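Here are a few notes to read alongside the structure.

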Amino acid sequence: MSDALTTGANEIAGHEYLAFKLGTEEYGIDILKVQEIRGYEAVTRIANAPEFIKGVINLRGIIIPVVDMRIKFNLGEPIYDQFTVVIILNINGRIVGMVVDSVSDVTTLTPEQVKPAPEMGTAFSSDYMIGLGTIDERMLILVNIDKLMLSPDMGLMEQVAA
């Protein structure tokens with residue numbers, strides 16, 4: 001079992017992560033999944049869409065869904081200010097926008113800096129956590145953004161076959 005943890009840590013260590021904030025917590029996603037980062041702009045609501053899907057935006061002729069992660073994970077009332085950004089992701093060729101409180105930086109993690117995710121009941125399912133990245137006093141919750149965005153409860157990728 002420890003071999004599986006070591007293998008998982010080695011697969012993600014040495015990768016660059018985009019660090020962003022949701023509430024008081026800092027998260028990290030694989031920088032290779034990020035297409036661009038944009039300021040938050042008004043979205044067009046879609047009738048009967050889940051509350052966490054803010055709506056859609058037109059990105060250079062492509063209509064993309066925008067998910068507010070603060071609503072998705074019940075992290076309090078979202079506030080849209082000058083720090084709020086939309087991270088444009090490319091997940092298996094599908095473009096999706098993800099609203100977060102702010103983006104801090106891009107960081108590279110070594111194998112020693114990546115710890116296995118603890119098993120615990122949180123709003124953020126451990127199914128989507130790769131592990132915890134530690135940088136001095138900072139701790140990044142590393143997210144498997146593919147697995148999260150492709151999950152059935154997101155309802156974004158229903159046409160993608162397993």
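1. Let us begin with Thr 84, which counts as buried because its relative accessibility is 2%. This residue sits in the loop between α2 and β6 (85-91). Please keep in mind that we are looking at a predicted model.

2. What is Thr 84 in contact with, leaving aside its neighbours within four places in sequence? The residues are Gly 39, Tyr 40, Arg 70, Ile 79, Val 99, Val 100 and Asp 101. With Ile 79 there is a polar approach too: a polar atom of the Thr 84 side chain lies 3.2 Å from the backbone oxygen of Ile 79.

3. Arg 70 belongs to helix α2 (residues 69-72) and Asp 101 to the loop between β7 (94-100) and β8 (102-108), so the bridge links distant parts of the chain, 31 residues apart. Arg 70 is buried, with a relative accessible area of 2%.

4. Why does its pair with Tyr 80 count as stacked? The ring planes are at 25°, under the 30 degrees that stacking requires, and the centres lie 4.5 Å apart. Tyr 40 is in the loop between β3 and β4 (53-59), while Tyr 80 is in the loop between α2 and β6, 40 residues apart. Both are partly exposed, Tyr 40 at 26% relative accessible area and Tyr 80 at 32%.

5. The count of aromatic pairs comes to two. In the pair of Phe 20 and Tyr 27, the planes are at 20° and the centres 5.7 Å apart, so this pair is stacked. Phe 20 and Tyr 27 are both buried.

6. Now to the salt bridges, of which the structure holds eight. One of them joins Arg 138 and Glu 26 at 2.8 Å, N to O. Arg 138 is in strand β11 (residues 138-143) and Glu 26 in strand β2 (residues 25-30), so parts 112 residues apart in sequence are tied together. Arg 138 is partly exposed at 26% relative accessibility, whereas Glu 26 is buried at 12%.

7. Another salt bridge is formed by Asp 146 and Lys 33, with the closest N and O atoms 3.2 Å apart. Here helix α3 (residues 145-150), which holds Asp 146, is linked to the loop between β2 and β3 (34-39), which holds Lys 33; the two residues are 113 apart.

8. On the nonpolar side, the largest core has 29 residues, and Ile 29, Ile 87, Leu 89, Met 98, Ile 145 and Met 149 touch the most other members. Several elements supply at least two residues each, including β1 (16-22), β10 (129-135) and α3. The element that gives the most is β6, with four residues. Apart from this core lies another, of eight residues, among them Ile 64, Val 66, Val 86 and Val 99.

9. Finally, a word on confidence. The mean pLDDT of the chain is 84, and 83% of its residues reach 70 or more. Over residues 1-10 the pLDDT is below 50, and this stretch has three contacts in the model beyond near neighbours in sequence.

Methods: Residues numbered from 1 in each chain as written. Predicted model: local features only at pLDDT ≥ 70, side-chain atom pairs only at ≥ 80, totals over all residues. Heavy atoms only, no water. pLDDT = per-residue confidence, 0-100. Contact = heavy atoms within 4.5 Å. Salt bridge = Lys/Arg side-chain N within 4 Å of Asp/Glu carboxyl O. Buried < 20%, exposed > 50% of the residue type's maximum accessible area, 1.4 Å probe, protein only. Polar contact = N/O pair within 3.5 Å; in protein donor to acceptor, adjacent residues only side chain to side chain. Core = buried A, V, L, I, M, F, W, Y, C linked by side-chain atoms within 4.5 Å. Phe/Tyr/Trp six-rings, centres within 6.5 Å; stacked < 30°, edge-to-face > 60°.
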